[in-house]
Amino acid sequence: MGNRFPARERFADGAQFIDGRLRPGTSGRTHTVVDPATGADVLTYELAGTADVDAAVAAALAAYPGWAGATPGERSDALQRFAAVLAERAADFAAAESLQCGKPIKLSTEFDVPGTVDNAAFFAGAARHLEGASAGEYSGDHTSYVRREPLGVVGSVAPWNYPLQMAAWKILPAVAAGNTIVLKPSELTPLTSLMFAQAAREAGIPDGVINIVNGAGADVGEHLVGHPDVVMTSFTGSTAVGRRVAEIATATVKRLHLELGGKAPFLVFDDADLEAAVQGAVAGALINTGQDCTAATRAYVQRPLYEAFVSAVAALMETVRLGDPFAPSTDLGPLISHAHRDRVAGVVDRARGYARVVTGGSAPDDAALADGAYYLPTLVVDAPQDSEIVQSEIFGPVLVVLPFDSDDEGLRLANDTPYGLAASVWSRDVYRTGRATREIKAGCVWVNDHIPIISEMPHGGYKASGYGKDMSSYSFEEYTQVKHVMYDNTAAVRKDWHRTIFGDRP
């Protein structure tokens, strides 16, 4: 294991990063990080308890005045140094991400790590551009302007599917805006979040600005979200857990940002480039072994292309290579755990009672992969629109394909789930795609592609997929307080509006 990533040596002092140093958790319980590709133990560490959350929040609260008082230029310089440190250690981050998640190394190397470095570079620039309405005399007698001010201590909770990127999405806009933060990653995947915080310290970001607590959601996560000194929570995860987070945050009147589940439609009109749509569907369904809330999960294909699409997708899925995540040739790694693989398999197995599995639908019959949480790329057809496999988030390498006839029907089906995070439309007709981008209820709609994200553009959903935005300058809407400042310009003792109180008195 050491030749892949010497995790034990890196975290000998513990897996909680509080006030600039690693320390053990105080819950009295341990957790073992497992390589999902082999089942081998990677790191056993002491889980955080509520006392660790209190210590992390206290460190963030103490660091807040100095960090909030830094100039935008000073915060920008620190984040530029941070981006440089991340870039220098790209290979290390990629190895750790692949080890704890089972991601193919080419995904970690070409997507997760460079995306994170780019996020850091973007927010280094964005720190200087906290914009508001221009100053002006909007009432005639007053000058008004808008200030953007940091909120205070942010307490955020991130998932296991993209641990490094999710740490960046939570931490970077918060600290760029002048906040301090306590992040709880998933206890399944703590490694790169801890490395991220260590890199920030080495880049000169002050102790206490970024803190990491690794513990269970039911105690540590809930304590963080409900902490009286935490003024905002950003949560990424399932819609069911998001509802619980909202209950806790609402009770303490916190600002709340939720990025929740998805069930992205992949809408193929009859004039689409069939080969491009097939390639896009397989790539969009299988990225990160389907453990992506924006993954293509429901392909609706207009009737003239339907049979050809199903046949071509099945054939292409069968060429996808499962294997060791650290092998450059591996296309698809394991799911995060055997328990999660069993959940994915359960959905597919239940679907056999009402739908047809065209390809996949099982663990691979390969002795070399037997110890890992692998599951074959799976294509399902003939499922009713109201069935579990169409309506529920599976979070695995499973694509369901359904036919449609009219454009109206296709758009109706695309919107017919509780979710609204992402979608794509495939057509050569600009009017068709224009209508689809207007009518599909999702936070991101791709045209003739599916999955790409960029730091300059926002990410967030509609409906049960949550609200608020990650990335881009729009994220500052989440992490800043907007203050209206209004100056009287008249120097008059009695203002004209005072007559509403004093009437006709002189």
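I begin with a definition: a residue is called buried under 20% relative accessible area, exposed over 50%, and partly exposed in between, with a 1.4 Å probe and protein chains only. The model is predicted, so local features need pLDDT of at least 70 and side-chain atom pairs count only at pLDDT 80 or more, while totals for chains, interfaces and linings use all residues. Residues are numbered from 1 along each chain as its sequence is written, and side-chain values use heavy atoms, with hydrogens and water left out.

Let us turn to the cysteines. Cys101 is buried, with a relative accessible area of 5%. Cys444, at 21% relative accessibility, counts as partly exposed. How many disulfides are there? A disulfide is defined as a pair of cysteine sulfur atoms within 2.5 Å, and by this rule the count is 0. For Cys101, the closest cysteine sulfur belongs to Cys293 and is 14 Å away, too far for a bond. For Cys444, the closest cysteine sulfur is again in Cys293, at 11 Å, which is also too far.

Next, the interior. A nonpolar core is a set of buried Ala, Val, Leu, Ile, Met, Phe, Trp, Tyr and Cys residues joined through side-chain atoms within 4.5 Å. The largest such core has 66 residues, and those with the most contacts inside it include Leu79, Phe82 and Ile205. Which helix gives the most to this core? That is α6, residues 163-176, with 10 residues. Helices (H or I, at least four residues) and strands (E, at least two) are DSSP runs, numbered from the N terminus. Contact means heavy atoms within 4.5 Å. Leaving aside neighbours within four places in sequence, Ile205 is in contact with Trp67, Ala78, Leu79, Phe82, Ala200 and Ile210. There is also a second, separate core of 30 residues, with Val268, Ala277, Ala281 and Val320 among them.

I now come to charged pairs. Side chains of opposite charge can pair when their charged atoms come close. A salt bridge is a side-chain nitrogen of Lys or Arg within 4 Å of a carboxyl oxygen of Asp or Glu. The whole structure holds 26 salt bridges. In one of them, the side chains of Arg10 and Asp92 meet at 2.1 Å, N to O. This pair links distant parts of the chain, since Arg10 is in helix α1 (residues 7-10) and Asp92 in helix α4 (residues 90-101), 82 residues apart. Arg10 is partly exposed at 30% relative accessible area, and Asp92 is partly exposed at 28%.

Lys103 and Asp112 form another salt bridge, with their closest N and O atoms 3.1 Å apart. Are these two residues buried or exposed? Lys103 is buried, and so is Asp112.

A further salt bridge joins Asp271 and Arg432, with 3.0 Å between the closest N and O atoms. Asp271 lies in the loop between β11 (264-268) and α10 (274-286), and Arg432 in helix α15 (residues 430-439), so the pair ties together parts 161 residues apart in sequence. Asp271 counts as partly exposed at 21% relative accessibility, whereas Arg432 counts as buried at 17%. Salt bridges that share partners join Asp270, Asp271, Asp407 and Arg432 into one network.

Val482 is partly exposed, with a relative accessible area of 46%, and touches Val146, Arg147 and Arg148, not counting residues up to four places away in sequence.
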